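This report looks at how one chain is built and how it packs against its partner. The sequence and the structure come first, and the reading of them follows.

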Amino acid sequence: MIIPLEHYLIFGAVLFTIGIYGILVRRNIIGILISIEMILNAVNVNLVAFSRSTSASPETGQIFAIFVIALAAAAAVVGLALVLALFRVRKTVLTDEITLLKW
Amino acid sequence: MISEMQTGIQIGIYLVMALSVFAALAAVNLPNIFHAALAFIGTLLGIAGIFISLRADFLALAHILIYVGAVMTLVIFAIMLTQRLSDPNVRQHNNLSAPAFLGGLAFLTLMAKLIYTTPWPVKAAGTVPHVSVMDLGQALMTTYVFPFEVISVVLISALLGAIVIAKKDPL
């Protein structure tokens with residue numbers, strides 16, 4: 001560890017918060033998907049930092065980071081397929097114009 | 001001499017972190033969603049640099065390969081297929097900006113306080129061995145073989161599901 005663990009954790013927390021902000025304020029579904037990917041990446045930074053500094057078996061954090069990357073890829077694929085199907089039917093990707101299930 | 005080199009590396013790491021955070025802010029704030037995707041690619045490259053600074057070299061390469069090479073390409077395809085590109089007047093943000101900013105700031109302060117008050121059991125420098133690709137593969141095939149199999153089932157079902165959902169005529 002060439003810089004303290006806390007700085008990596010703060011970096012992860014900042015990325016996580018920016019991702020949450022993006023999910024809350026974006027109207028475009030693709031923008032929301034990008035923000036979700038950002039949150040998963042912030043978690044990966046934390047996992048790898050812990051595996052480097054505190055873990056009993058140092059490969060555990062990297063293995064779980066690989067699992068998170070695989071799940072994020074699966075989520076992106078299904079999410080973008082849903083966006084394409086939605087756009088074909090409703091001609092929009094803006095969340096507040098999709099009110100099919102709202103009163 | 002060695003300490004000078006260390007300070008240089010430290011400054012480099014902080015620079016990469018600052019650039020990634022800046023690119024992340026651009027990715028959530030830029031009005032054009034295509035530019036936001038490009039900014040997010042910058043964030044991903046910065047995170048790969050952070051992985052390298054933690055000596056997770058295989059993970060950094062896999063990260064660039066999967067995210068920049070595959071996921072972001074897919075996202076850009078989706079943007080080009082769906083966006084009303086001719087119409088730059090569509091608002092990209094809703095009215096929640098101020099409350100979301102304040103809530104995020106409060107959350108971040110809480111997290112920073114927690115991070116700095118927790119006594120992390122950090123090991124002394126140099127005692128943690130370097131994790132090679134071989135170690136990763138062995139752990140994947142012995143300790144974590146069950147999650148590995150579950151991930152492969154999840155991936156194949158996600159691919160099939162994406163094909164079925166995005167197909168033109170429903171089943």
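Buried area, as used here, is the accessible area, taken with a 1.4 Å probe, that two parts lose on being put together, summed over both. In this predicted model, chain B and chain A bury about 7200 Å² between them, with 76% of that area on carbon and sulfur atoms. On the side of chain B, the residues that lose the most area to chain A are Val28(B), Leu54(B) and Thr82(B), which together make up 9% of what that side buries. In terms of contacts, the interface joins 80 residues of chain B to 72 residues of chain A.

Turning to chain A itself, its secondary structure consists of 3 helices and 0 strands, which follow one another along the sequence in the pattern α-α-α. The radius of gyration of chain A is 17 Å, well over the 13 Å that the globule rule gives for 103 residues, so the chain is more spread out than a compact globule. Along the principal axes, the C-alpha atoms of chain A fill a box of roughly 50 × 25 × 20 Å.

| Property of chain A | Value |
|---|---|
| Buried residues, out of 103 residues | 60% |
| Contacts between residues 24 or more positions apart, out of those with a separation of 6 or more | 56% |
| Carbon and sulfur share of the accessible surface of about 3800 Å² | 73% |

As for charge, chain A carries 7 positive and 5 negative side chains, and the centres of these two sets are 14 Å apart.

How values were computed:
Residues numbered from 1 in each chain as written. Chains lettered and ligands numbered in written order. Predicted model: local features only at pLDDT ≥ 70, side-chain atom pairs only at ≥ 80, totals over all residues. Heavy atoms only, no water. Helix = DSSP H or I, 4+ residues; strand = E, 2+ residues; numbered from the N terminus. Rg over C-alpha atoms; globule rule 2.2 N^0.38 Å. Buried < 20%, exposed > 50% of the residue type's maximum accessible area, 1.4 Å probe, protein only. Contact = heavy atoms within 4.5 Å. Areas by Shrake-Rupley, 256 points an atom, 1.4 Å probe, with all protein chains shown as cover. Lys, Arg positive; Asp, Glu negative; His and termini not counted. Charge placed at Lys NZ, Arg CZ, Asp CG, Glu CD.
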